Amino acid sequence: MAHRIVTGALVRGDRVLLGHRTPARQHSPDRWALPGGHVEAGEQPSAALVRELREELGVDALVAGPPVLRLERRPGSDDGMVMDVWPVTYWRGEPTNLAPEEHDRLRWVTADELASLPLAHPEQRAFLRDLLARG
């Protein structure tokens, strides 16, 4: 069974919020990633994202509609992963790093800056550039 992951692309003007995964993380250490996390048993994915953004960033986000991007991986020795990504343009509160064991810093990045950052999921790069271009 695949792990269900949800992430949110918080967009403010021409920037998107990324978290730098700590070097101690098991998966994708020392890489930049969208905030989010695992869907718990019985939880709707959009509700899981609202919960994860509250836990990690201290914001109350509006997550509406279906995800706009789905990534699927089926590695041989792992159960695999399904990641849904939502754009998030409305939230209450100022994003703050409340999960320093997961991310050692947060950063608002432009589309141009995305090109040089090592991303945990590089297949998101084109999606994020397009999202910021629509600004």
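**View 1. The largest nonpolar core of this predicted model.** Twenty residues, written as 20 in the count, make up this core. Look for Ala-9, Val-16, Leu-18, Leu-34, Phe-127 and Leu-128, which have the most contacts inside it. Strands E1, E2, E6 (69-73) and E7 and helix H3 (125-134) each supply at least two of the core residues. Helix H3 gives the most, with 4 residues. As a general guide, nonpolar side chains tend to be buried together in soluble globular proteins.

**View 2. Leu-18 and its contacts.**

**View 3. The largest pocket.** Strand E1 (3-12), strand E4 (36-38), helix H1 (45-57) and strand E7 (81-88) each give two or more residues to the lining, with E1 giving the most, 4 residues. Sorted by class, the lining has 8 nonpolar, 12 polar and 7 charged residues.

**View 4. Thr-22 in its loop.** You will find Thr-22 between strand E2 (15-21) and strand E3 (32-33). Thr-22 counts as buried because its relative accessibility is 8%, and buried means under 20%. A polar atom of the Thr-22 side chain lies 3.4 Å from the backbone oxygen of Glu-101. Beyond its neighbours within four places in sequence, the contacts of Thr-22 include Pro-29, Asp-30, Pro-100 and His-103.

Note on methods:
Residues numbered from 1 in each chain as written. Predicted model: local features only at pLDDT ≥ 70, side-chain atom pairs only at ≥ 80, totals over all residues. Heavy atoms only, no water. 1 Å grid on protein atoms, 1.4 Å probe; cavity = no way out; pocket = protein on both sides within 12 Å on 5 of 7 lines; lining within 4 Å. Points joined across faces, edges and corners; volume = space filled by probe spheres on them. Nonpolar A, V, L, I, M, F, W, Y, C, P; charged D, E, K, R; others polar. Buried < 20%, exposed > 50% of the residue type's maximum accessible area, 1.4 Å probe, protein only. Polar contact = N/O pair within 3.5 Å; in protein donor to acceptor, adjacent residues only side chain to side chain. Contact = heavy atoms within 4.5 Å. Core = buried A, V, L, I, M, F, W, Y, C linked by side-chain atoms within 4.5 Å.
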